Each structure stands twice: as C-alpha cells, then as structure tokens.
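Open your viewer and get ready to select residues by number. The tour goes stop by stop.

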Amino acid sequence: MTEFKAFPKIARLNRDIIITEKIDGTNAQIFIDDDGNIYAGSRNRWLTIENDNFGFARWVHDNK
C-alpha cells in the first residue's frame with residue numbers, strides 16, 4: 001500500500017483578498033468600483049454592449 005501523506009496546514013490569510021472563479025469556455029470578470037460602477041471584462045479588455053463577448057456584457061448590464 002502507498003504511504004499516506006498528510007495534507008499540510010494552510011496558513012490563515014490576514015489581509016484583504018480577491019476571490020475569482022473560472023467560467024468554463026471563456027475568460028470573464030465583473031468589476032465593481034468604489035462608486036458602484038459595474039464593468040464586464042474579458043481576458044485583456046473591458047467589454048461594452050456594442051463590443052461584447054458572447055453576450056456577457058449584456059448579461060452583466062441586465063443583471064446589475
């Protein structure tokens with residue numbers, strides 16, 4: 001039988017962090033600034049409804 005290797009302890013974070021989740025099939029992000037403005041983005045650009053990425057910017061706009 002293979003030797004059991006215990007999972008090491010994970011240090012607690014004592015600072016502000018940003019948690020992200022990968023959506024399969026595309027790279028997308030939603031950013032909300034301190035003034036409450038909401039932005040939709042792809043891997044390397046901000047999206048607009050006119051210059052969208054498979055309807056993601058429209059979805060963010062409609063669900064803000």
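The stops below go from the sheet to its aromatic side chains and then to a surface patch.

This is a predicted model, so local features need pLDDT of at least 70 and side-chain atom pairs count only at pLDDT 80 or more, while totals for chains, interfaces and linings use all residues. Residues are numbered from 1 along each chain as its sequence is written, and side-chain values use heavy atoms, with hydrogens and water left out.

**Stop 1: the hairpin**

Select residues 29–32, then 38–41. These are strand 1 and strand 2, which pair in the antiparallel sense over four bridges. Strands here are DSSP runs (E, at least two residues), and helices are runs too (H or I, at least four residues), numbered from the N terminus. Two strands pair if DSSP finds at least two bridges between them. Five residues lie between the two strands of this hairpin. Click Gly 36 in the turn: its phi is positive, about 90 degrees.

**Stop 2**

The open sheet now has its three strands, in the order 1-2-3, with antiparallel pairing. Two bridges join strand 2 to strand 3.

Now pick Ala 40. In strand 3, the bridge partner of Ala 40 is Leu 47.

**Stop 3: the aromatic cluster**

Show the side chains of Phe 31, Tyr 39 and Trp 46, which form one aromatic cluster. Rings of Phe, Tyr and Trp (its six-membered ring) pair if their centres lie within 6.5 Å; planes under 30 degrees apart count as stacked, over 60 as edge-to-face and the rest as tilted. The count comes to four aromatic pairs. One of them, Phe 31 with Trp 46, is tilted, at 6.1 Å centre to centre and 45 degrees between the planes. Phe 31 lies in strand 1 and Trp 46 in strand 3, so this pair ties together parts that are 15 residues apart in sequence. Tyr 39 and Trp 46 also form a tilted pair, at 5.6 Å and 50 degrees.

**Stop 4: the nonpolar patch**

Switch to a surface view. Select Ile 30, Ile 32, Ile 38 and Trp 59, which make a nonpolar surface patch of about 390 Å². Patch residues have over 30% relative accessible area and no salt bridge; like charges are joined within 9 Å, nonpolar side chains (Val, Leu, Ile, Met, Phe, Trp, Tyr) within 5 Å. A salt bridge is a side-chain nitrogen of Lys or Arg within 4 Å of a carboxyl oxygen of Asp or Glu. Accessible areas come from the Shrake-Rupley method with a 1.4 Å probe. Finish on Trp 59, in helix 1 (residues 56–62).
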